[in-house]
Amino acid sequence: MRSEIVRCQLALFVVLAAPALAGPDHPSAEQLVERHLRAAGGREAAGRITTQIHRGTWHPRPDAPGFPVEVYGKAPGKWDYRMTIPGVLMIERACDGVSAWTQTPDGTETVKPDDLVSENHGFDFQVPFRLTELFPDMTVKSREKSGSHEVWVVEFKPAQGKAVVAHFDAGTGLLSRLGIFLFEDYRLVDGVQVPFTVRVLEGGREQVMKFTEIQHNVDVDDSRFVLASNTAAYKRAMSEMMRDSLDRSLEGIDPGAARTVLDRLHGFSPQDGRILYDLIVEKGYKQGLEIGTAEGNSAIWMGMAFKRNGGKLITLEMNAERAKAAAENFREAGLDSVVECRVNDAF
C-alpha cells in the first residue's frame, strides 16, 4: 500500500514538474514565432531585404496633427529616424549598428545603451525576423484581449539585459507588439508583410507613426549612419530649413543686421516671431516686457517692431551667461538701444 502511495506521489510530481504541452489551443513561444515568420512572408523573403525606407507622419498624440517623418534602415542593424516640424525644428536619431545618437538644434547627444536596445525593436527592420536569435529564452504568459484582437502574450529574455513583452495576434499570427512598440495595419510590400502604423507607448503617453510609403532595397548611402557625416548633414538641413522659413517670415520687413543674427539662432520659430512683430506694429505698442531671454531670438523679433514704433523692450534673464550672450546678439543686430536685457529673477 505504501509503495502504491509513493508511486502515485512520484507520478504527480513528474506531471507538475513537466512543462505544459504545446497544442493548437496552447502553442509554445517557438511555435508563435514560427507562425509569425510564415505570416510575414518567411525568412527567405525577409532575407532578401537589405534596405527599407518609411515615409509618413508622426503624431505626438493619436488625435494630434502629424508632422513629416522618415525612417531609413540598412542591414545589419543600421537605422536613421528624422521628424520635422516645418520651419521650426528637426529631430534626428541614428544608429550605426553598434551605438546611436540624437541630433537636435541644441547639439548631438549619445543614446543610452538601454534606450538603444528598446528603440532597435521599432526601428531595426530585421528584428522581427531574428526573434529566436535575439531572445534565446521565450515563455508564453497568457492569451488576452488587446483592443479588438486576441493576442498571445510572450515574455522574451535576451542573453543579457531586461525582459521584453511581445504580443502575437491570435488571428493573423503577426507580431503586434514588441516592448514599447505596437505594430498595426500590416500590408504586403515585395512579398513581406510590413506594419504601416506604429504606436509608441512611453512615459505614460502614446505617439503614432503613420506611414504612407514603404520601399525595399533602395540605395541608402552609408554616410547616414556615420556620426560625423550624419551631424554635418543634419546641420546643413536644419540651416536650410530655417533659412527658407526666415526668408518667408521676413517678407516686407527690413531687418538690417538682425537678419544675420536670426539666421544663426535656432529654437524659436520665425513664424512665431512674425506673429509677435505684426502684433506690436499693428497695435502701435511702445513698451514691452519679456520674461526669459535665452539667446534673444524672440526679443530680436520684438525689438525690430519696437524700433519701428519708437518704443523699447525690457527682457529678463536669470542666467548671467545667457544674458551676456543675448546682449551681444542685440548689439550685433543693431538693437542694443531698443532692447535692454536685465539679469534678474522675474519672480
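## Terms and basis

A cavity is a set of points, on a 1 Å grid over the protein atoms alone, where a 1.4 Å probe fits but cannot get out; its lining residues have an atom within 4 Å of a point. Grid points are joined across faces, edges and corners, and a volume is the space filled by probe spheres set on the points.

The model is predicted: local features need pLDDT of at least 70, side-chain atom pairs count only at pLDDT 80 or more, and totals for chains, interfaces and linings use all residues. Residues are numbered from 1 along each chain as its sequence is written, and side-chain values use heavy atoms, with hydrogens and water left out.

## Largest cavity

Two cavities of 30 Å³ or more are counted. The largest has a volume of about 330 Å³. Its lining has 25 residues, with Gln52, His54, Phe125, Pro128 and Pro195 nearest the centre.

Strand 12 gives the largest share of this lining, five residues (helices, H or I of at least four residues, and strands, E of at least two, are DSSP runs numbered from the N terminus). Elements that supply at least two residues each include helix 2 (29-40), helix 4 (113-123) and strand 1 (51-59). By class, the lining of the largest cavity has 16 nonpolar, eight polar and one charged residues (Ala, Val, Leu, Ile, Met, Phe, Trp, Tyr, Cys and Pro are nonpolar, Asp, Glu, Lys and Arg charged, the others, Gly among them, polar).

## Second largest cavity

The second largest cavity holds about 60 Å³ of space. Among the residues that line it are Met242, Arg243, Asp263, Phe268 and Trp301. Helix 6 (227-249), helix 7 (258-264) and helix 9 (297-309) are the elements giving two or more residues to this lining. Helix 6 has the largest share, three residues. The lining of the second largest cavity comprises seven nonpolar, one polar and two charged residues.

Terms used:
1 Å grid on protein atoms, 1.4 Å probe; cavity = no way out; pocket = protein on both sides within 12 Å on 5 of 7 lines; lining within 4 Å.
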